[in-house]
Amino acid sequence: MHRLARGIALLAPLLVSGCATVLDGIGSATRGPGVEGELVLPVLEQPVRVVRDANGIPYVFASGTADLIRAQGFVAGQSRLFQMESYRALATGRLAEAIGEAGLATDRQMRLIGLKRNAERHARLLDPGARQFLEWYAQGLNAYITTHAGDHPAELRIAGFSATPWTLEDMVTVLHFINWSQAANFKAELTMQKLIDRFGPQRALAELAPINVSIDRRERPVIVGDAAPPGAGLVRAQVVGLDDASLLAGLGALPAGAPAVGSNNWAIGRSRSASGQVVVVNDPHLDARMLPGPWLPIGLFAPGIQAVGVALPAVPGILVGRNADVAFGVTNAYGDSQDLTIERVAPGRPDHYLDGDQV
C-alpha cells in the first residue's frame, strides 16, 4: 500500500497551499470537468491533494477524515453527476420532471413503493457518526454542483436534468434505491402467495417450497382467495406482474427445497495462489458492464485510512477494496428484506383503499 501511494504521487509531484484547495494533478482539460491545477473549495479545512492515474482513477490525500470524505464527494460529482442525478430522480419518483410522460409509470411505481418516505424515516434514526459521514460527502458534492456549473456534463442538459444541492435524505434514498434494485425477495413472496392460492397452505408451505417463511411466524398465512368476499376487490400488486404460467414455469427444474438464487465469494490461501499471497474473490452482483458503471474506483488516504477499491456514487467510503491489512467485499445474501401487504379497495371508491376501516 505504501509503495502504491508513493507511485501514484510521482505522477503529480505538485504542492499546494491554502486551506481551501483541491488539487487534481493528472487529467485532461480537453473534455469533461477541469482536473488540473488548483481549485478553491471553501468547505475544506486543510489542503487536499487529488491525483489521477493513467486510467483517470482519482486518489485522494487529505490530512483528516472530514476533508477526505468532502473531497470524495467533490470528485464523485466531477465524474458521475449525471448518474447520480438519474439515481435521485428514479428513487424519488421525479423522473417525469426531466423526461416527461415517459417517466410517469416509473414515478408512480417508486412513489407507491415509498423509497423516499422510508429513507426519510431512516435518516432520522442514523447515529451521529453515520450522519456526519453523509454530511461531509454532501458538502463536497454540493460544492461541485454549485461552484462548478460550467463543468457539468452535457448529458444533464440533454436528458432534461438540472443539478441541485443534495440533502442527507437524498443520499439515503439513493442507498435504498440501490438496495431495492438488488433485493428481489418480494418476487419470491408473490410466488409463494400464488402457490398458496393454487395448492393450499399445507402443500405450498410444507411440500412445494418450504423457503422464505419465518420460523417465528405464528399466524396462519393469508390466503388471497379467502381474504375478501367476492366483489370486495383487492388492489393488485403494481410492482410486478406474475401470471400462473410464469409462476409455474421452471419449477420442475429446481432440486427439492432449493431456492433459485445464489451468490458467491471466497478466499484463496497463500499455498494455493500463484502469487503466494492471499486472494479474496468477490461477486457483488452489480453489473459492471453498464455505462456508467455502478462502481466508482477511488483511493482514499488520510491518517488511519489507506484504502483503494470501489464506491457507489452518492455513498461515502469504499464498499469493496483493500487497505494496508485486509481485503474486503460484499455480496447479495438475498435475505428477507421486503414485505408485501394486501390492500382492500374502498367500496364505491376504486381509486382509494382501506387502512383498517379508514379510507
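Which residues in α2 meet which residues in α8?

A: The model is predicted: local features are reported only where pLDDT is at least 70, side-chain atom pairs count only at pLDDT 80 or more, and totals for chains, interfaces and linings use all residues. Residues are numbered from 1 along each chain as its sequence is written, and side-chain values use heavy atoms, leaving out hydrogens and water.

On the α2 side are Tyr87, Arg88, Leu90, Ala91 and Thr92, and they meet Asp170, Thr173, Val174 and Phe177 of α8. Contact here means heavy atoms within 4.5 Å, and a helix is a DSSP run of H or I with at least four residues, numbered from the N terminus. The axes of α2 and α8 come within 9 Å and cross at roughly 80 degrees. That makes the two helices roughly perpendicular, a label for angles of 65 to 115 degrees. Axes are lines fitted to C-alpha atoms over the stretch in contact, with angles from 0 to 180 degrees between N-to-C directions.

Buried means under 20% relative accessible area, exposed over 50%, and partly exposed in between, with a 1.4 Å probe and protein chains only. Among the buried residues of α6 are Leu134, Tyr137, Leu141 and Ile145. Asn142, also in α6, counts as buried at 15% relative accessibility. Beyond its neighbours within four places in sequence, Asn142 touches Pro165 and Trp166.

Rings of Phe, Tyr and Trp (its six-membered ring) pair if their centres lie within 6.5 Å; planes under 30 degrees apart count as stacked, over 60 as edge-to-face and the rest as tilted. By this rule there are 6 aromatic pairs. Phe74 and Tyr144 have ring centres 5.5 Å apart and planes at 85 degrees, so they are edge-to-face. This pair links distant parts of the chain, with Phe74 in α2 (residues 65-92) and Tyr144 in α6 (residues 128-147), 70 residues apart. Phe74 and Tyr144 are both buried.

Another pair, Phe133 with Trp136, is tilted, at 5.4 Å between centres and 55 degrees between planes. These two lie 3 residues apart in α6, about one helical turn. Phe133 is partly exposed at 33% relative accessibility, whereas Trp136 is buried at 16%.

Terms used: Angles under 35 degrees count as roughly parallel, over 145 as roughly antiparallel, 65 to 115 as roughly perpendicular and the rest as oblique.
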